[in-house]
Amino acid sequence: MRPVFSPAKWLALLLVSAWSGDAAPLDAGSPTQASVQAVKGRDHWSFQPVKRPPIPETLDTKWARNDLDRFILARLEQDGLRPSAEADRVTWLRRIYFDVIGLPPTPEQVMAFVNDERPDAHERVVDGLLSSPRYGERWAQHWLDVVRYADTDGFEVNTERPNAWPYRDYVIGALNQDIPYDRFIREQLAGDASAVDAATGFLVAAAALLPGQIGADDISKRLARQDSLSEIVGATGQTFLGLSIGCARCHDHKFDPIPQRDYYAIQAFFAGVQYGERPLRSPENDLRRKEIEEIKVRETQIDRALSRLEPMARASSQPRRETNARLNEEIFSPLEAKFVRLTIHDVNLHPTLGVIEPCLDEFEIFTSESAPRNVALTSLGAKVTASGSHTSESHRLEHINDGQYGNSHSWISDEPGRGWVLFELPEKARVGKVIWGRDREGKFADRLATAYTLEAGLSLDAMTTLISVAPLRPAVNPRQTTDRFDPVVAQRLRLSISACTSLQPCLDELEVFTSEPEPRNIALASAGTKVTASSTLPDSPIHQLKHINDGVYGNANSWISNEEGQGWIELEFSSPQKIDRVVWGRDREEKFVDRLATDYRIEVADASGKWSKVAGSQDRQKYVAGDKKVAAFSLVGLNPGETKEATRLLSEKKALEKKTLALSTGLMVYAGSFTNAGETHVLHRGDPEQPRDLVGPAVLTALGSFSLPSDSAEQDRRVALASWIGDPANPLTSRVMVNRIWQGHFGIGLVETSSDFGHTGALPSHPALLDWLAGEFFRSGWSIKHMHRLILMSATFRQSSRINRASQAIDADARLLWRFPARRLDAETIRDSMLSVNDRLNLKMGGAGFNLFNSRGGLNGFPPVESFSNDGLRRMIYAHKVRMERDSVFGAFDCPDAGQSTSRRRPSTSPLQALNLFNSRFTLEESEAFAKRVQTDAGADDGKQISRAYQLAFGREPDSSERQDAEPVLREHGLTTLCRVLFNSNEFLFLP
Amino acid sequence: MKPTPPRTISRADDLSATGHHLLDRRQFLSRTATGLGAIALTNLLGGDGLLAAQRPAVDATRPYAPRAPDFPAKARNVLVIFCAGAVSQLETWDYKPELIKHDGKPLAGGPPVTFQGPAGNLARPQYEFRPRGQSGKMISDLVPHLAQLADEVSFIHSLTSKTNTHGPGENFLSTGFVPDGFPSIGAWVSYALGSENQNLPAFVSIPDPRGVPQASVNNWGAGFLPAEFQGTSFSAKEPLRNLAVPAGILPASDRAARSLLQRLNQRHLEKNPDDGSLAARIASYELAARMQLSVPEISDLSTEPAHILKSYGADDTSNPVKVAFARNCILARRLIEAGVRFVQLFNGAYASGGELNWDGHNKLKEQYDKHAAILDQPAAALVRDLQQRGLLEDTLVVWCTEFGRMPMFQKGSQGRDHNPDGFTCWLAGAGVKRGVSHGRTDELGRKAVENILSIHDLNATILHLLGLNHEALTFEHNGIQRRLTDVHGHVVNEILT
C-alpha cells in the first residue's frame with residue numbers, strides 16, 4: 001500500500017469545512033473580486049452536489065439487467081423508443097474485445113464463448129478482459145489523449161523527451177491495477193509526495209519551449225514561464241474538473257463563474273512546478289544506479305588500458321611516404337646482410353571489402369655493385385619464409401622471388417592488413433636497394449602495403465631498420481577520436497579544425513587526460529577550465545559553447561562553430577598539467593555523423609605561452625563517410641600480444657556498454673520538477689509585464705472557500721489541491737470521470753463535451769443516470785473497473801447496433817441508446833488488430849517507445865518508417881509519440897497530435913485514410929504476413945484458406961456468396977490480395 | 001464575384017451508383033449522424049445547450065461538399081506565399097531613408113537585448129530602393145521581379161506578432177494561436193466552405209524544396225478540427241504519400257482488390273442498412289481512386305509550354321533550388337486553376353543559421369542574395385500568370401512572413417535579430433485595392449506606429465474576402481467556441497475594394 005499521506009491528513013481537516021453546506025457556498029471565499037456574471041453562474045447544474053436519484057420505474061420490467069439499464073430504458077420509454085434486440089454472441093464478443101482491450105478475439109476465443117453455456121459466460125469474459133494487461137494499454141490511450149501526452153517537446157525544434165514514457169507506463173499500470181481514482185488524481189498532481197515520481201508527468205505533458213528557443217530578453221522569458229504555467233492550470237481544470245479555467249487567464253470567464261483572480265489562485269498551487277527531467281526513484285532504480293557506477297569504474301580501467309594501445313600521434317607535418325601498387329624502390333646506405341625482412345603493418349582499403357590481406361608480386365634485393373644483381377631470386381639459392389601465406393594457383397610464397405611479375409605470380413599473406421616475408425640470402429652480400437611491387441603489370445591496386453618496416457642484417461638478432469613507414473592512424477571517428485602523444489605540460493590546449501564533412505563543424509565533447517596512473521579529464525568546466533572558441537552557432541538551445549566541456553555527450557549537448565568548415569576551441573586549465581591524451585567526438589550517441597572534423601591539429605601551450613603541435617589529422621587515414629569497416633579502435637600496428645590484449649578489452653567493453661544501456665533505461669523521468677514556489681500575481685490581460693494583486697493558493701470560489709497561506713510549502717500546495725479535487729463532495733470530479741468512462745464505451749458521453757461541464761458545455765442526456773453513476777463511482781471506492789463492469793454487463797451495452805428507421809428518425813445519433821452506437825475503430829486499434837490477426841503483435845510491455853519515424857527531428861525531419869519489425873510490431877501506444885507529427889499511415893485516422901488536449905476523437909472519413917490503408921507498405925507487409933498465417937493454419941486448400949481468413953479477420957465463417965466473391969480473386973491474384981481487402985473492409989474497421 | 005466556369009479536372013471518374021445513391025439521397029442524409037436527425041434530438045431533449053452549436057454544420061458523410069459562405073465572397077480561392085524564417089521588412093518593402101542616415105549609430109532607447117542577445121548599432125538597408133510602377137512605391141533591388149507587382153498590391157506595413165520565436169510565430173500566423181495544436185487557416189477554410197473540386201483536396205500545402213518550415217505540419221494541420229480538413233502536403237518534387245499503386249502490385253490485382261472490397265462492403269452495408277458512416281467510407285475509397293488520377297495529372301508539368309517554364313525561371317539550370325521552387329509555383333497555379341480552395345506555398349525551410357530560410361542573423365546580405373534569387377522571379381511570375389489567366393479576379397494572394405527584423409545589427413554580426421513589433425505583408429487579387437500601402441512603422445522601422453495591426457486582423461481579412469465572418473466561424477473545443485481569430489481581429493477594410 002501507499003505510504004500514509006501525511007500532508008493530506010491535516011489538509012483533510014481543513015477540507016471538511018470547505019465542503020460543508022449543500023450547494024456551492026455563495027457566501028464563501030472572497031467573491032468580492034468576482035464579476036456579476038461569475039457569481040450568477042453558480043447555479044449551473046454541474047456545480048450542484050451529486051444527488052442519489054431513485055431508480056426509475058419502467059413499463060418493461062424484463063429488459064433491464066441492472067439499475068443502469070433502468071435509467072436508459074425509462075428515458076427511451078419517455079419518447080416511445082424501444083431498445084434494440086440483443087446482439088448475437090459473436091458481435092458482443094468482438095465489441096467488448098475491441099472496447100476493453102483494443103484487439104479482436106481469436107477464432108478460438110470466439111468458439112469458446114459461443115459454446116459456453118454457463119449462465120455467467122458473459123461475466124467471465126468481462127472479468128477476464130478487465131484483468132488482462134491489454135486493458136490498461138487500451139484505456140490509457142483515452143487518458144493520454146486528454147493529457148496531450150507526447151515524447152517530444154513540441155514547437156519548432158520538437159526535441160525528444162527520451163524519458164517521458166514512464167508517465168505513459170504509469171497510466172497503463174494504474175489502470176491495470178485499478179488504483180482508486182482519487183489516488184490517481186493525487187499521484188498525477190503530487191506523486192512526488194509518495195514516491196510515484198513518474199505520475200507527475202501529467203503536470204508537464206504539454207509542449208514547452210526549450211531555454212534556447214526563448215528570447216534572450218527578460219520579457220520573453222517571463223512570457224514563456226507564464227505560458228508553461230497556464231498549460232498546467234488549463235490541463236488540471238479540463239482533465240479533472242471539466243472546466244475551462246484557462247479561459248480566465250486574461251479576464252473573468254465569459255460564461256462560467258470563474259473570476260480572473262481564481263485563475264491565478266489555482267496557478268499559485270503550481271507556482272513551483274518546472275518542466276524537465278528528474279531522477280526516477282525506486283528501489284530497483286537505486287540498485288541499477290549502483291550497478292552502473294560499478295560498471296563505470298571498470299570501463300574507466302579498460303579505457304585506460306586501451307589508451308596505452310592507441311597509436312601515438314606524429315606531430316610532424318612532413319609528407320608521409322606514399323606507396324605505389326606497381327613498384328617501390330627502397331634505396332638505403334649499403335650494408336652487409338645475410339637476412340632481409342619486410343614487415344607489413346597496414347594496407348590500403350579495398351573499395352568494398354576494406355582491410356584485406358596484403359599482396360606482393362615480386363621482391364628484389366640488389367647488391368650495391370656497379371652492375372647490381374637481384375640476390376633474392378630463388379634460382380640463385382635465396383630462401384624465403386613468411387608469417388603465413390594464402391595459397392592458390394596464382395598466389396604462392398614461391399612466386400615472390402621467381403622473377404615473374406603480375407598478380408598471377410604473387411604472394412598473399414594469410415592475415416588481413418599485415419604479414420612479413422624474410423629472405424635468407426645464399427651468402428652474405430653488400431646490398432643497397434630493394435624493389436617491391438604489388439602488381440607490376442598495373443592491373444591491381446588493392447592489397448597494397450601502405451605501412452611497413454624494411455630490415456636487414458647478418459643475423460636475425462642483429463637487424464638494422466632501413467626504412468620505416470609507420471601505419472596511418474585510423475580515420476577520425478564521429479563517435480570518438482583519441483589522440484595520444486608523449487606526455488607534455490600544458491597550460492592551454494587548442495583544437496583547430498580546418499575542414500569538416502559538411503556545414504560547420506560540431507563537437508559534442510572535448511576531453512583532455514592527464515598522464516597520471518589515474519588519468520583525470522581536466523577539460524571539464526567543473527575542473528575550473530575555461531573555454532573559448534572562434535565562434536558558436538547562434539540561436540540554438542542544443543549547440544552551445546559550454547556544452548563542449550560539460551561532461552555530457554550527444555548532439556543535444558554539443559558545440560557548433562559558426563564558420564563553414566572551420567573553427568577552433570581553446571581550453572585554459574586552472575594550472576599547468578602533464579597530459580598525454582585528447583579525446584573528442586562528434587556524437588558519442590552515434591546518431592549524427594555530419595559536421596565531422598576531418599582536418600585538424602592539436603596544439604598546447606606551456607605556462608610561458610609557447611605553443612607546440614602535439615597531434616593532427618595528417619597521420620590519419622582518410623575519413624570515408626558511412627564506412628562502417630573502419631573500427632572505432634584500430635589494431636593496426638600492434639604486435640600479436642598487444643592485439644590479443646586489445647581484442648579482449650574491446651569485447652569486454654562492448655558487453656559492459658550494452659549492459660549499461662539496458663540498466664540506464666528508466667532511470668530518469670520527464671515529470672514535474674519542483675522548486676520553491678515564487679509569488680503569484682494576478683496579471684492584467686494575462687500579461688506578465690502587468691502584474692497586479694498578489695494571490696495565494698485557493699480553490700475556485702464558485703466551488704469552495706479552501707485556501708492556503710501564500711508562503712505554503714510547494715509540495716503541500718499540490719497535495720492540498722489534489723485532496724480538494726478528489727474529495728467525494730466535489731460535484732465535478734466524479735461526474736467528469738464517469739462521463740469519460742461512458743464515452744470510452746459508447747463513443748460519446750452522457751455529456752457530449754466531456755472536458756467542459758461549464759455553461760458552454762452540453763447538458764447531460766441522462767442527468768439522473770450521470771449522478772447515479774457518479775455516486776456509484778465514489779461509493780465503490782473510486783474503482784474504475786467497477787464502472788466498466790456495470791456498463792459492460794448492462795443490457796444497454798448488449799444491444800444490437802442495427803439501425804431502426806423509426807428510432808433513427810427520432811434520435812439519429814442514438815444518444816438515447818436505443819441501439820449500440822457502432823463506430824469506426826481508433827487508429828491504434830486498427831494497427832494493433834492487423835498485427836494481432838497476423839499473429840505478429842509483439843506484446844512486450846512498457847519502456848522506451850519504438851520509432852514511427854526514421855529520425856527524431858533535427859535536420860532530417862521526421863521521415864516515416866515504412867517497414868516494421870521487432871519492437872516496431874508492439875502495440876501502438878508504445879510508439880515514440882512525436883508531437884504534431886502524426887503517424888504516416890494511421891495518423892489520418894484521427895490520432896490526436898498532442899498539441900492541445902483531445903477530450904474526444906471525432907471519427908472522420910477521408911480519402912487520405914483510404915489511400916494510406918490501401919496502398920501503404922505497412923498494409924502490404926501485413927497482408928503478406930496475414931496470408932502466410934492463413935496458409936500455415938489452413939494449408940493449400942482455397943476453401944479452407946478463405947474460411948480461415950474470415951475467421952481471423954471477422955470472427956465468423958464466410959457465407960456462400962462471399963466465398964464466390966473471394967475464390968476468383970484468390971486464384972488469380974493470390975491470398976495476399978484477399979488479405980489486403982479484408983484489412984480495408986468496413987467489417988474489419990468498425991466496432992460492431 | 002463574376003460568374004466563372006467550373007474549374008475541375010476533366011477526366012475524373014464519377015461516383016459509383018452506390019456512392020451517388022448513398023450520398024445524394026436527402027432522405028437518407030436526414031437520418032444519418034449529424035444530419036437533420038440530430039437537430040430533431042436537440043428539440044426533443046429541449047435543452048439549449050445539449051448539443052453545442054457548431055458553425056457551420058458539417059455533414060459527416062460529405063465533409064467536402066461545398067458549403068455556402070456567410071455573405072457573397074470576393075475571393076473563391078486563396079494562395080498564401082509563406083516566407084519562413086522572418087523576412088526583413090527593411091531589405092524589401094518598408095523603405096526607411098532615415099535608417100540610411102543613422103547607419104552605425106546606436107538606437108536611442110532601443111532594447112539592449114533582443115531575441116538572440118545584445119543589440120548592436122543601427123544598420124542601413126542592405127539594398128538600394130527605387131520607385132516602382134505608377135504608384136512609385138519604393139521597393140528594394142533584392143526583389144526586382146516582385147517589385148514590378150507594386151501597382152497590383154496592397155501593402156500592410158504595420159503588422160505585429162505576439163512572439164519573437166519562429167515556431168510559435170509561424171503557429172500564430174497560420175493558426176491564430178502561439179501554442180501547438182490549433183487548426184490552421186486552411187483547415188478552417190476547408191471546414192467552412194468545403195471543396196470546389198471533388199477530385200482534389202480542398203487545401204494543399206506545398207513545402208519548400210529545401211525542407212519544411214519551422215512549425216512544420218502545424219502550418220497546415222487540422223488541430224482539433226476533424227482530421228479531414230487538414231492540408232494535404234505535396235510538391236512538384238515530392239508526391240503525395242501512398243497515392244500510387246504500390247510497387248509490386250499488378251494493376252490487375254489492384255483492380256481486383258478494389259472491386260472485391262466494393263462487393264464486400266456492399267454486402268456488409270446491406271446487413272447494416274442506413275448506416276451513413278459505412279456509406280461514407282465506401283465513398284472515401286472512390287474519392288481516393290479519383291485522387292489517384294487527378295493528383296498525378298495536376299502535378300505533371302510536362303504539358304506546360306516552354307515560355308511558361310521560362311517565365312517562372314523553371315529553366316534556370318544554374319540554380320536547381322530556384323527551378324524546384326519555380327515548379328512548385330507552377331503547381332500552385334495549376335491547383336488554383338483546378339479549384340483547390342486554399343493553397344499554401346512555402347519559401348524557406350527550417351532553422352539553419354539562415355542558410356535555408358530568411359533568418360538573417362549573421363550574414364544577412366550574403367544569405368538574402370541566395371534566397372531572393374530563389375523566390376523572386378518564380379513568385380512574381382506566379383502572380384502574373386494568375387492575372388493573365390483571369391484567375392486573380394477571384395483568387396486572393398497573400399505574401400507573408402512570421403515577423404520582421406530589427407533596424408539594428410546584432411552585436412558583432414552582419415545581420416538583424418527578430419522583431420515582432422512591426423513588419424510587412426502584402427495582399428493582391430480578389431477584393432483587394434491595387435497599388436496602396438496601409439499602416440506605417442516608425443522612421444527607423446523598429447515598431448508599427450500607425451494603424452497597428454495584428455495577425456488576427458490579417459486572418460479576419462482573409463476570411464472576410466472568402467465571405468466568412470471570422471466571429472461566426474467557430475468550433476467547440478473543450479468548453480470554448482474556438483475561432484481562428486481567438487477573441488480578436490478586425491477586417492482591414494482600408495485595403496479592400
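# Guided tour

Begin by selecting A:Arg134, which is buried because 22 other C-beta atoms lie within 10 Å. Buried here means that 20 or more other C-beta atoms lie within 10 Å of a residue's own; 12 or fewer means exposed, anything in between is partly exposed, and the C-beta atoms are placed from the backbone.

A note before moving on. This is a predicted model, in which local features need pLDDT of at least 70 and side-chain atom pairs count only at pLDDT 80 or more, while totals for chains, interfaces and linings use all residues. Residues are numbered from 1 along each chain as its sequence is written, with chains lettered from A and ligands numbered from 1 in the order in which they are written.

**Stop 1: around A:Arg134**

A:Arg134 sits in helix 7 (residues 133-147) of chain A. Helices (H or I, at least four residues) and strands (E, at least two) are DSSP runs numbered from the N terminus. Contact means C-beta atoms, placed from the backbone, within 7 Å. Then pick A:Val100: 34 residues separate A:Val100 from A:Arg134 in sequence, and their C-alpha atoms are 8.2 Å apart.

**Stop 2: two loop residues**

Select A:Ala195, in the loop between helix 9 (181-190) and helix 10 (218-241) of chain A. Its phi is near 60°, positive in a residue other than glycine. A:Ala195 counts as partly exposed, because 14 C-beta neighbours lie inside 10 Å.

Next is A:Asp894, in the loop between helix 20 (827-838) and helix 21 (911-919) of chain A. Its phi, near 65°, is also a positive value in a residue other than glycine. Is A:Asp894 buried or exposed? It is buried, with 22 other C-beta atoms within 10 Å.

**Stop 3**

Show strand 9 (residues 449-457) and strand 10 (residues 463-469) of chain A, which run antiparallel and are joined by six bridges. Strands pair if DSSP finds at least two bridges between them. Pick A:Gly457 to find its bridge partner in strand 10, A:Met463.

**Stop 4: crossing helices**

Two packed helices are described by the angle and the distance between their axes. Show helix 22 (residues 921-938) and helix 25 (residues 975-984) of chain A: their axes come within 8 Å and cross at roughly 115°. Axes are lines fitted to C-alpha atoms, for helices over the stretch in contact, and angles run from 0 to 180 degrees between N-to-C directions. Residues making the contact include A:Phe930 and A:Val934 of helix 22, and A:Cys979 and A:Phe983 of helix 25.

**Stop 5: the domains of chain A**

Chain A is divided into domains 1 to 6, including domain 2 (38-131 + 728-819) and domain 4 (328-469). The bounds come from an automatic or database domain assignment. Colour domains 2 and 4 of chain A: their centres, taken over C-alpha atoms, are 89 Å apart.

**Stop 6: chain B and its side facing A**

Chain B has 13 helices and 19 strands. Of its 497 residues, 62% count as buried.

How many residues of chain B are in contact with chain A? There are 83, and they meet 82 residues of chain A. Which helix of chain B supplies the largest share of that side? Select helix 8, with 10 residues.

Key. Two residues are in contact if their C-beta atoms, placed from the backbone, lie within 7 Å.
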